[in-house]
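Visitor: I am new to this structure and would like to learn how to read it. Please show it to me, and then start with how contacts are described.

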Amino acid sequence: MIAVVAKQDLIDVVGAKGYLDRAEDLTLYEYDGGVDKHKPELVVFPQSTAEVVQIVNIAREYTIPLVGRGAGTGLSGGAIPRSGGLMVSFARMNRILEVDLANERAVVQPGVVNLDITLAVQGDKYFYAPDPSSQRACTIGGNVAENAGGPHTLAYGVTTNHVLGLELVMLDGSVVTTGGNESELPGYDLVGLFTGSEGTMAFVTKVIVRLMRQPEAVKTLLAIYDSAVDCGNTVAEITARAITPVAVEMLDGVMLRMVEEATHAGFPMDAEAVLLIELEGLTEQVEEQVEQIREVCLSCRAREFRVARSAEERDLLWKGRKNAFGAVGRVSPFYYVQDGVVPRTKIAPALEHIRKVSEKYGLTISNIFHAGDGNLHPIILFDQRKPGDLEKAQKSGDEILQFCIAAGGSITGEHGVGMEKMELMAHQFDGDSLDAIKSFKMLFDPECRLNPGKVLPTGRGCLEIRQKPLTPATTL
Ligand SMILES: Cc1cc2nc3c(=O)[nH]c(=O)nc-3n(C[C@H](O)[C@H](O)[C@H](O)COP(=O)(O)OP(=O)(O)OC[C@H]3O[C@@H](n4cnc5c(N)ncnc54)[C@H](O)[C@@H]3O)c2cc1C
C-alpha cells in the first residue's frame with residue numbers, strides 16, 4: 001500500500017490534475033495489449049525529467065514499487081504493475097524537442113507517438129525507420145523499452161539501430177545521459193544495454209533518434225499462393241538469391257479473409273497465403289529487383305504476382321496489414337498474439353506445427369508476420385467466457401514457442417518477455433546465462449522495485465523479493 005503521506009508528496013510533484021487514483025480510472029491502467037491484468041494503486045503523469053526524479057526519490061523513500069507506461073500497447077504484460085504500487089505514465093512527456101536534419105537526428109520525449117516523428121519530418125523527405133504496426137499509438141519510450149521492430153526492420157533493423165542517445169532517470173534519482181549526437185563515444189554501449197531492458201532498469205526521459213532520407217523509389221508487391229508451404233519457401237529463396245527487400249510480410253488464408261472483410265484492401269479471399277513485399281532504393285535498381293522477385297515467386301508456385309500501381313494502392317495494402325489486429329477483433333471477442341522467431345528456412349515447418357497445435361486445442365490460429373525476419377505472430381482466437389479457453393490459448397502459445405526454441409529460434413522477436421514469457425526464459429537460456437542477465441538488473445535496481453516480476457523466471461528473478469516485506473537489507 002502506498003502510504004497516505006507518500007501519496008500526498010507525489011501529488012505535490014505532479015499537481016491536482018497530474019494523477020489518477022479512483023478505482024474506475026485505475027481499471028484502465030490494469031492491462032496492456034496482452035492477456036494479463038493487475039491494477040496500480042496510483043498513476044502519475046509527470047511533465048518533465050525533474051518531476052520524474054522527484055517521483056523516483058519519493059518512491060525510494062517509501063519503498064514503493066514502480067512501473068513505467070507509454071501507450072499500453074505492449075503485448076507481453078510489460079506495463080502491468082504486478083506488485084501494485086505506482087505507475088508512471090509518460091503520456092504527457094510527448095514533445096519533439098529538436099529536429100536536426102543536417103545531422104539526421106531528432107531529440108524527443110518518451111511519450112512521443114512513433115508515427116508522429118515521421119509526420120514531423122516527412123515534408124523534408126525524411127522518416128523514422130522502426131515502424132511497429134501499432135505506430136499510430138505506441139510511444140518511443142515503450143519502443144526503446146521493448147526494442148520494437150516492425151515490417152521494415154528486415155532492411156533497417158530494430159529500435160536499437162536507430163537510437164543514438166538516451167537520458168535516463170536511475171532509481172537513486174540521478175540523471176544519466178548516454179550516447180548522443182556524436183556517432184561514436186568511448187566506453188561501454190549503454191544505449192544498447194538499456195534499449196530492450198523492458199522498463200526494468202531505469203526510466204527513459206529523452207531519446208535521440210536517427211532520421212533517414214526517404215528513398216528515391218518504392219515498390220510494393222503482392223504474391224498470392226494456393227499453398228502456405230510454397231509461400232513460406234519463397235522467403236528463404238529470396239534470401240538465397242541475395243535480394244534484400246525492406247519488408248517481407250506473410251498473411252495466411254484465415255487472416256486474409258478477416259483483413260479483407262474489414263479493410264477492402266484488395267487481398268484475395270480464396271488464397272491460402274500471400275507475401276506482401278516492399279522494395280526501396282534507386283529507381284532502376286528497384287525495377288530490376290521487382291523482376292527478380294517476380295521470378296522467385298513464380299518459380300515457388302505463386303499463382304499470381306501483382307505490383308501496386310499507385311501510392312494509394314500501396315497505402316491500402318499496408319493499411320490492411322497494419323490494421324490486421326483490429327480485423328481479428330471484429331471476428332473474435334478475445335485473441336492472444338504470440339511472437340516467436342525461427343530461422344527463415346524453418347518457416348514452412350513452423351506453420352505446419354502451428355496448424356497441428358490449432359487442431360490439438362480446437363482453436364483457430366491465424367498467422368500474420370514479419371516473414372523476412374522469421375518473426376512469427378500466430379494469433380490464437382479464443383473465448384474467455386468459455387471455461388478453460390484462455391488456458392488452452394496459453395498452452396497453444398507455449399507449444400509454439402517451444403517449437404521456436406527447438407528450431408534454433410527465440411521466444412520473442414519484438415514484443416519482449418514481460419510477465420508473459422518469463423518462465424520460458426529458463427528454456428531459452430541456461431542457468432549461468434540467466435544469472436548474467438539478472439546481475440545487470442540487480443546492478444541498477446538492487447531492491448527490485450522497478451517493474452518487478454518481469455523477464456526473469458520464478459526462482460531467478462524479483463518476484464520472490466517483492467512478495468516478501470521489504471527491508472533495507474533485502475537483496476539477492
Ligand atoms: C495492434 C498492435 C500491433 C503491434 N505491432 C508491433 C510490431 O509490429 N512490432 C513491435 O515491436 N511491437 C508491436 N506491438 C507491440 C507494442 O506496440 C510495442 O511493444 C511498443 O513498443 C509498446 O509501446 P507502448 O508505448 O505502448 O509501451 P507500453 O505497453 O506502455 O510499455 C511497454 C514497456 O515499456 C516500458 N516503458 C514505457 N515507457 C517507458 C519509459 N519512458 N521508460 C522506461 N520504460 C518504459 C513499460 O514499463 C513496459 O515494460 C504491437 C501492439 C499492438 C497492440
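Guide: Two residues are in contact if their C-beta atoms, placed from the backbone, lie within 7 Å. Helices (H or I, at least four residues) and strands (E, at least two) are DSSP runs, numbered from the N terminus. In this structure Met-255, Met-258, Val-259, Ala-262 and Thr-263 of helix 9 meet Ala-324, Gly-326, Ala-327, Val-328, Arg-330 and Val-331 of helix 12. This is a predicted model, in which local features need pLDDT of at least 70 and side-chain atom pairs count only at pLDDT 80 or more, while totals for chains, interfaces and linings use all residues. Residues are numbered from 1 along each chain as its sequence is written.

Visitor: Which classes do the residues between helix 9 and helix 12 fall into?

Guide: Ala, Val, Leu, Ile, Met, Phe, Trp, Tyr, Cys and Pro count as nonpolar, Asp, Glu, Lys and Arg as charged, and the others, Gly among them, as polar. The contact of helix 9 with helix 12 divides into eight nonpolar, two polar and one charged residues.

Visitor: How is the arrangement of two packed helices read?

Guide: Two packed helices are described by the angle between their axes and the distance between the axes. Axes are lines fitted to C-alpha atoms, for helices over the stretch in contact, and angles run from 0 to 180 degrees between N-to-C directions. The axes of helix 9 (residues 253–263) and helix 12 (residues 324–331) come within 8 Å and cross at roughly 90°. Helix 9 is therefore roughly perpendicular to helix 12 (angles under 35 degrees count as roughly parallel, over 145 as roughly antiparallel, 65 to 115 as roughly perpendicular and the rest as oblique).

Visitor: At what angle do helix 8 and helix 13 pack?

Guide: Helix 8 (residues 228–240) and helix 13 (residues 347–361) pack at about 145°, and their axes are 8 Å apart. Helix 8 contributes Ala-228, Val-229, Gly-232, Asn-233 and Val-235 to the contact, and helix 13 contributes Ile-347, Ala-348 and Leu-351. By class, this contact of helix 8 with helix 13 has six nonpolar, two polar and no charged residues.

Visitor: How do I read a sheet?

Guide: Strands of a sheet pair through backbone hydrogen bonds, either parallel or antiparallel. Two strands count as paired if DSSP finds at least two bridges between them. Strand 5 pairs with strand 6 (residues 105–108) in the antiparallel sense over four bridges, and Asp-100 stands opposite Arg-105 in strand 6.

Visitor: What is the order of the open sheet with four strands?

Guide: The order is 1-2-4-3, and the pairing is mixed. Strand 1 pairs with strand 2 (residues 42–44) in the antiparallel sense over two bridges. Leu-20 stands opposite Val-43 in strand 2.

Visitor: How are domains and the contact between them read?

Guide: Domain bounds come from an automatic or database domain assignment. For this chain the assignment gives domain 1 (4–89), domain 2 (96–213), domain 3 (217–325), domain 4 (332–406) and domain 5 (429–467). The centres of domain 1 and domain 2, taken over C-alpha atoms, are separated by 22 Å. Their contact takes 14 residues from domain 1 and 20 residues from domain 2.

Visitor: Where does the ligand lie relative to domain 1 and domain 2?

Guide: Domain 1 and domain 2 both give residues to the shell around the ligand, so the ligand lies between them. A residue is near a molecule if its C-beta atom, placed from the backbone, lies within 6 Å of it. The ligand is surrounded by 36 residues, and the closest are Gly-70, Gly-74, Gly-78, Gly-142 and Gly-199. Helix 5 gives the most to this shell, with five residues. The shell around the ligand has 13 nonpolar, 18 polar and five charged residues.
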